[in-house]
Amino acid sequence: MNSIWFLLFIVALIGVWYVSYQVKQKPIIKQKHNLPRDYLVGLNYLLNEEPDKAVDVFIKMLEVDSDTVETHLAVGKLFRRRGEVERAIRIHQNLIARPNLDKSYREQSLFELGQDYLSAGVLDRAERIFLEVLSVKEYSIPALSSLLDIYQQEKSWESAIQIANKLELATKKNMQVVIAHHYCELAELAFDKGQYEQGSHYIKYALKADPQCARASLLQAKGDIRKGNYKFALHSLKQIKDQNPDYISESMEAFAFCYKALNEEEAFVNYLTQLSEEYPHVPVMLILSEHLRDWKGDKIASRFIGDYVRRYPSIYGLHVFLNLYLSRAEGSVRDDLFILQNLTKKLLADKSDYQCISCGFSGKSLHWHCPSCKQWSSIKPIYSLEHTV
């Protein structure tokens, strides 16, 4: 029904254009405006709920000239914004096919057709069009932005880097954070293939582009762990708190693995204690409480985590606290604590662990590139956003 109303609006737009066009061509006195047969045929298709045939008739009816091309372009954009991309494509293709179309209008129609294909996910056709209009000054920057979107979708990271550099030159906007992530994507691909030297090479480029790229340090550490270079891995991991402390939690598992492999678990506890005073993140406290439990027993660990929960209340912290107390509780107290533990467990299961600070997208896993708003480094662990009770 919404589609029919939208097309009725288009019909009205064309009808207004036709009457105004006739007014331009003839004297107003004694003028009789008879709507053309094609207009009535198109309206009939529309009323019979055959919108595709109606669109074809109206496109045919609108003779393309300097007075009507803007109407075509406006209608095409309206269709694309409504998600009716096939109809938008037909309109823009119809414009481009006209041999006498003004050059500026042809360039605009070509760019709009590229946007149609991009919206439809026909990336190869969109790419060819945007590469063609790059030389047109008016469309060079939006074409570069669209090409960057295409190469990111296709995971063509080297092409994305080239376009991002060109976009930075054209707009004077810093693209180095984006470029650093592109190099990180290349590094991950290299590491997955066992090409550690090549992966490290890409990480150096990432850190050169953005020295604050915590992802690059985390990747370098993972690469060093795979090679058994645990001390080098620890060096990279310790950079993260100065680069972006929001991502400290992402390094905790690697930290624990390296210290254990080096048989330096006491040094790990000392480092975590120091880190927890500077950055009281829940995952840090969780790992620290586990090591305190192994090192000094349940009582000391329970006291430590209990003090933390009182200062920084959170569902996650309370869940850890209950787990520790359950191991020492007995009788009805244990039964009551078990009920609370099940409740916190359910609350945690229903909550997202990560959230985008740009658009609010949330989920259970970390995406360096937000699936919703397409921003890089915008998704953070929720605890770093002060996720408290």
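Modeller: Helices (H or I, at least four residues) and strands (E, at least two) are DSSP runs, numbered from the N terminus. This structure is a predicted model, in which local features need pLDDT of at least 70 and side-chain atom pairs count only at pLDDT 80 or more, while totals for chains, interfaces and linings use all residues. Residues are numbered from 1 along each chain as its sequence is written, and side-chain values use heavy atoms, with hydrogens and water left out.

Colleague: Which residues line the second largest cavity?

Modeller: Its lining consists of L237, K238, I240, K241, I248, S251, F255, Y271 and L275. Helices α13 (230–243) and α15 (265–278) each contribute at least two of the lining residues, and α13 has the largest share, with four.

Colleague: What volume has the second largest pocket, and which residues lie nearest its centre?

Modeller: The volume of the second largest pocket is about 320 Å³. Of its 16 lining residues, L148, K173, M175, V178 and Q375 lie nearest the centre. At least two residues come from each of α8 (137–154), α9 (157–171) and α10 (176–192), with α8 giving the most, four. Eight of the lining residues are nonpolar, six polar and two charged.

Colleague: How many salt bridges does the structure hold?

Modeller: A salt bridge is a side-chain nitrogen of Lys or Arg within 4 Å of a carboxyl oxygen of Asp or Glu. The structure holds 12 of them. In one, the side chains of R87 and E84 meet at 2.1 Å, N to O.

Colleague: Are R87 and E84 buried or exposed?

Modeller: Buried means under 20% relative accessible area, exposed over 50%, and partly exposed in between (1.4 Å probe, protein chains only). R87 counts as buried because its relative accessibility is 9%, and E84 is also buried, at 15%.

Colleague: Which parts does the pair of E185 and R215 tie together?

Modeller: The closest N and O atoms of the salt bridge between E185 and R215 are 3.0 Å apart. E185 lies in α10 and R215 in α12 (residues 214–227), so the pair ties together parts 30 residues apart in sequence. E185 is buried, at 18% relative accessible area, and R215 is buried as well, at 3%.

By contrast, the salt bridge of K227 with D224 has its closest N and O atoms 4.0 Å apart, and both residues lie in α12, three residues apart, about one turn of the helix. K227 is partly exposed at 39%, whereas D224 is buried at 6%. Elsewhere, salt bridges that share partners join K77, R80, E112 and D116 into one network.

Colleague: What is the phi of K374 and of S377?

Modeller: Most residues other than glycine have a negative phi. K374 has a positive phi of about 65° although it is not a glycine, and the phi of S377, likewise positive, is near 60°. K374 is in the loop between β2 (362–363) and β3 (379–381), and S377 is in the loop between β2 and β3 too. K374 is partly exposed at 44% relative accessibility, and S377 is partly exposed at 22%.

Colleague: Which residues form a nonpolar patch on the surface?

Modeller: Patches are made of residues with over 30% relative accessible area and no salt bridge: like charges are joined within 9 Å, nonpolar side chains (Val, Leu, Ile, Met, Phe, Trp, Tyr) within 5 Å. Accessible areas come from the Shrake-Rupley method with a 1.4 Å probe, and for residues only the protein chains shown count as cover. Here L340, L343 and L347 form such a nonpolar patch, together having about 250 Å² of accessible area. L347 lies in α19 (residues 331–350) and, at 36% relative accessibility, is partly exposed.

How values were computed
1 Å grid on protein atoms, 1.4 Å probe; cavity = no way out; pocket = protein on both sides within 12 Å on 5 of 7 lines; lining within 4 Å. Points joined across faces, edges and corners; volume = space filled by probe spheres on them. Nonpolar A, V, L, I, M, F, W, Y, C, P; charged D, E, K, R; others polar.
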